[in-house]
Amino acid sequence: MKKENEASNRRNFLKLGLLAGAATVAAVGTKNSLLADEPADEAGSKVKVETSDGKVVEVDSSMVQHPAEENLNKINVREAIPGKKFVMVIDLGRCANERACIEGCQSMHGMMAPVEYIKVKKMQDSELAAPYWFPTLCYQCDNPPCTKVCPVDATFKRTDGIVAVDSERCIGCKFCMAACPYSARSFNFGRPEQVVISEKKTCDDNHCCTTKSEMVGTVSKCDFCPDSGAKGVLPACVTECPNGTIFYGDELEDAVTNGEETFRLSELLKKRAGYRQFEELGTKPRVYYLPPVNRQFPFQDAEGPVNTKE
Amino acid sequence: MIDKDFHPERTKNETFTQDEYMEMKADLLKPIQHIGLWGKVWIGFLIAVIFAGVYAYYLQETKSKYVTVSLRDYTMWGVYISNFVFFIALSMIGVLMSAVLKLTNNEWYRPLSRIAEVVALGAICFAGISIVVAMGRPDRLHYLFMYPRLQSPITWDIIVVITYVVASMVLLYIPMIPSLSTCRNHLSNMPKWQMKMYEWLSFGWEGNPEQWKLLRKGVKILTIMIIPLGVAIQTVDAWLFATTLRPEWDSTNFSGYFISGAFLLGTAAMIVATFVIRKAYKLEKYLTEMHFDKLGQAMVLMASIYIFFNINEYLVPAYKMSSMHANHLIDMFIGEGALMYWMVVLFGLFIPAILPLFPSLRKPLPLFVIALIAVIAHWFKRYLIVIPGQLHPYLPIQDVPESWTHYTPSAVELTIVAATFAGMLLIVTLFSRFFPIISVWEVAEGKLEGKDEIINYK
């Protein structure tokens, strides 16, 4: 009960903040910077922001609506994060199959093994070719085969690059799962243990809530955690990786980061010969891979299956 | 052509007082007047299976689907979908028997057309039910109409299935109007409501020349229109699979493959239905050995065409063995699916293509056995088309529990599938108990036109 009160107080406070933000004439085009994290001061103080034409101006902090203030409960999966085009780069030379990304993702989304929105697969193209670990997730394709086949517009492409699933709309026909060549999607079969976890899971700041993956009988998948991303919070798969394998960022900002290192996206892809998986399928993924060269670790096979429990 | 041969003086009075015709009418109305013990047992059995299916569905929807069905993230489509594909294919029987044969002047269609149409109607209804059963959220079924997206093959499928249900009903009903009037005039000792039903459904049919003219015209238009519709429903069904990027379905051959398969299944199912109805209602005089002879020949033709499409579907990619197709094909040819695959090739393709070449095997009983085996093989054929390939996606399946890498339908799934069959058979059975399963006037008309061979093979 106490918790609820706290939550609602917080919510009211946030509402107030949003109202204040909306009431001011927001003439200044603010850019939701993912990387340069500016603290939101109390109203009255001045903050520096960058305008859309690249100038840095000082404005009153009440004029700046920081994404971190957004109430996560109000997230509308059908609304894209404005001014963003999310992108990911995975450096195959760094992955050692430590499974931290998988576990981080599972705890963040409240999903239980063996459901994995991000998977790590052992790839070996031929006997002589060197094996490597290959993290794979929803590629948020720019030409998504899954959204085409949806009969009720439950899965769709957003302007911020995300392929989202509206769990309130999904009828569970699973056609999108059949259409996805990367097997990225998962169906909530209502596994009893999972239902218990889903009921406990609350939509707080530490959980990305863009997709309501707890809805039984619907399809869910990796959603790229755009609402966390917009707040400047990196997805769990990025932060959990001990080797910094996964880089997350914004194509419009031309920057990706793994939390410690930040690169210019275009330069990184150019220098490291970035590629996309199954380019020949024409799906235009938003996830790039850097080939497994200059490896940080020698390849070590997995000790055994992890997901043995039914 | 029918209009040109139209002779009002011959047809103006449906009771044209020939003893033979009266006898025929009595024969064909008998199943409505009398139901034996076995008839009741059969209906009771079907209803019991349907109730079992309803209970299984109740379990599926109230308990966790992770427990009640064997589907997992990789095999997301199971027997419900393959059963749906089977029923869609089966519904082609109506197009084949009443439209294709009629338009190609194969006069022997006359006593078969109504049987075919009612089987088609039963099949298409339970195809629709199968797909609803497969839905994760059947409570949101109406979303398909509230938020339809025209670019989704499912929307095309809904449009074409609903159109086909309506068209099948109309094509069954319109030529039945004179039969309903026959029932009204010649049946006695029937419950009052049943007579009222005939009265009401026959829409004041008197059998005057103008009504006959309208009827013939209507039937002719419907007969022509049902062919493209039948092709459309098989094609859209094939596109549900062929529009995806999965290697096992990524085929431009798919719609022809589905259409030819549907024609073969339709022929085999027609043989089974004809044999059973002939025995159950003692209609040997009307469903003659000639019909089996002709249907056996048709089965050879249809099976040959289907073999051709199968060669295109399996052997051409197998010749290249691109890594995209290899996993699935090797699994079919020598792997886990090999036993089922080769059984289907043998019983579903080669036996129906070769055995009926021998005239002695086109006799009712041997042909019935061949056709029944073929129908069963064709159910498994749809299983093979839909399910095993899902376990060979582009990216390898790794580190998942045992149940994720195999699919064996659960008891709940199999019970529901059995119930869809029972439902389809119940529709056919009940129909034949209330309406003449052989069209009296169409057979009589064939006789009137001096085409004795329609019912008497000489």
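## Confidence in chain A

Among the elements of chain A, helix α1 (residues 2-23) has the lowest mean pLDDT, at 46, while strand β13 (residues 287-290) has the highest, at 97. Keep in mind that this is a predicted model. Taken as a whole, chain A averages a pLDDT of 82, and 78% of its residues score at least 70.

Over residues 1-8 of chain A, pLDDT stays under 50, and the model shows zero contacts beyond four places in sequence for them. Residues 10-42 of chain A also have pLDDT below 50, but this stretch has 44 contacts in the model beyond near neighbours in sequence.

## Where chain A meets chain B

Now for the contact between the chains. Chain A puts in 40 residues and chain B puts in 35. On the chain A side, four elements supply at least two residues each: β4 (119-123), α3 (145-149), α4 (175-179) and β8 (186-187). Helix α4(A) gives the largest share of that side, with four residues.

What kinds of residue does chain A bring to chain B? Its touching side divides into 22 nonpolar, nine polar and nine charged residues.

## Chain B overall

Chain B has 20 helices and zero strands. Its radius of gyration is 23 Å, close to the 23 Å that the globule rule gives for 458 residues, so chain B is as compact as a globular protein of that length.

## A helix pair in chain B

One pair to look at is helix α5 (residues 79-90) and helix α7 (residues 113-133), both of chain B. They pack at an angle of about 165 degrees, with their axes 8 Å apart. Angles over 145 degrees count as roughly antiparallel, and α5(B) and α7(B) are therefore roughly antiparallel to each other. The crossing of α5(B) past α7(B) is left-handed.

Which residues make the contact between α5(B) and α7(B)? From α5(B) come B:Tyr80, B:Asn83, B:Phe84, B:Phe87, B:Ile88 and B:Leu90. Helix α7(B) answers with B:Ala123, B:Ile124, B:Phe126, B:Ala127, B:Ser130, B:Ile131 and B:Val133. Sorted by class, this contact has 11 nonpolar residues, two polar ones and no charged ones.

Notes:
Residues numbered from 1 in each chain as written. Chains lettered and ligands numbered in written order. Predicted model: local features only at pLDDT ≥ 70, side-chain atom pairs only at ≥ 80, totals over all residues. pLDDT = per-residue confidence, 0-100. Contact = placed C-beta atoms within 7 Å. Axes fitted to C-alpha atoms, helices over the stretch in contact; angles between N-to-C directions. Parallel < 35°, antiparallel > 145°, perpendicular 65-115°, else oblique. Left-handed = near helix turned anticlockwise from the far one by under 90°. Nonpolar A, V, L, I, M, F, W, Y, C, P; charged D, E, K, R; others polar. Rg over C-alpha atoms; globule rule 2.2 N^0.38 Å.
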